[in-house]
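Dear colleague,

Please find below the structure that I am handing over to you.

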Amino acid sequence: MQVRIHFYSYFKDLAGSTEVTETVAPGARLEELLQKLFIRFPKLASMQRSALVAVGVDYQAGDYVLAEGDEVSLFPPVQGG
Amino acid sequence: MRRELTISEKNIDERALLGGRAMSAGMGAAVYFLGIVRGAEEGGPIAALEYEAFRQMAERQFHLVFDQAETRWPLESVRLVHRLGRVAAGETSLWIEVIAPHREEAFAACQFIVSEMKRVVPIWKKAFPLA
């Protein structure tokens, strides 16, 4: 199953891309996808404790079960205002 | 609760926003807060901040924050404008108005909305040092 991942703010620089796709097994949880991404993008791995993760337009925890067509976003702590 | 949310690259027109204030007879408090870009960040002078958003999610998260505020205080309206793109030092990056019957709930709701925005709304900024 293919999942598209978007990066925002300086995570784009750490990943060297604004978006990528990753293959996961059907029924995979979000945390499994994140572990793949942190191996694929080692510079991002140093930020994994503070990284925020959304699926679509809602925050999700690591136990979220990914579904076909999900779009995942990964970004640093927000700084509006 | 009436709500107006604007996330835009355009300058914030404070005069026009103030002119658009609408309060019913039972409302006695209008609280405004402006976020202004400081001329210094992390110890050094800066020329501007560049704001970036995940716009669709930012809209969704702002509305969730407004939903929470609405359940906690008897608000008549919230209007919020957030700039994106390059905002020079001294310019307004955030404008918010909260209208409620009394000052306590208006101040509390305004503080809550701004604090929650800084926690959950996906907007980021990058500083541009003075050349």
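**Findings for chains A and B**

In chain B, 83% of the contacts with a separation of 6 or more are between residues 24 or more positions apart. Please note that this is a predicted model.

**Chain B as a whole**

Chain B contains three helices and eight strands. Read from the N terminus, its elements follow the order β-α-β-β-β-α-β-β-β-α-β. The radius of gyration of chain B is 15 Å, close to the 14 Å that the globule rule gives for 131 residues, so chain B is as compact as a globular protein of that length. Its C-alpha trace spans about 50 × 30 × 25 Å along the principal axes. Of the 131 residues in chain B, 28% are buried.

**Helix α3 of chain B**

Helix α3 of chain B covers residues 103–120. The buried residues in α3(B) are B:Ala106, B:Ala109, B:Cys110, B:Ile113 and B:Met117. They lie on the same side of α3(B), because the arc they cover around the axis is only 100 degrees.

The face of α3(B) turned away from the buried side carries B:Glu104, B:Ser115 and B:Arg119, which are exposed.

Is B:Thr71 buried or exposed? B:Thr71 counts as exposed, because it has 9 C-beta neighbours inside 10 Å, and the cut-off for exposed is 12 or fewer. The C-alpha atom of B:Thr71 is separated by 9.9 Å from that of B:Met1, although the two are 70 residues apart along the chain.

**Chain A**

Chain A has three helices and five strands, and from the N terminus its elements run β-α-β-α-α-β-β-β. A compact globule of 81 residues would have a radius of gyration near 12 Å, and the 12 Å of chain A agrees with this. Along the principal axes, the C-alpha atoms of chain A fill a box of roughly 35 × 25 × 20 Å. Buried residues account for 23% of the 81 residues of chain A. Among the contacts of chain A with a separation of 6 or more, 55% are between residues 24 or more positions apart.

The strands of chain A include an open sheet of five, in the order β2-β1-β5-β3-β4, with mixed pairing. The edges are held by β2 (19–23) and β4 (58–59) of chain A; each has a single partner strand, so one side of each is left without a neighbour in the sheet. For β4(A), the pairing with strand β3 (residues 52–55) of chain A is antiparallel and runs over two bridges. Within this part of the sheet, A:Asp58 in β4(A) is the bridge partner of A:Val55.

**Contact between the chains**

How many residues does each chain bring to the contact? Chain A contributes twelve residues and chain B contributes 18 residues. On the side of chain A that touches chain B, six residues are nonpolar, five are polar and one is charged.

With kind regards

Note on methods. Residues are numbered from 1 along each chain as its sequence is written. Chains are lettered from A and ligands numbered from 1 in the order in which they are written. This is a predicted model: local features need pLDDT of at least 70, side-chain atom pairs count only at pLDDT 80 or more; totals for chains, interfaces and linings use all residues. Helices (H or I, at least four residues) and strands (E, at least two) are DSSP runs, numbered from the N terminus. The expected span of a helix is 1.5 Å times one less than its number of residues. A residue is buried if 20 or more other C-beta atoms lie within 10 Å of its own, exposed if 12 or fewer, and partly exposed in between; C-beta atoms are placed from the backbone. The arc is that of the directions from the helix axis to the C-beta atoms. Two residues are in contact if their C-beta atoms, placed from the backbone, lie within 7 Å. Ala, Val, Leu, Ile, Met, Phe, Trp, Tyr, Cys and Pro count as nonpolar, Asp, Glu, Lys and Arg as charged, and the others, Gly among them, as polar. The radius of gyration is taken over C-alpha atoms; the globule rule is 2.2 Å times the number of residues to the power 0.38. Two strands pair if DSSP finds at least two bridges between them.
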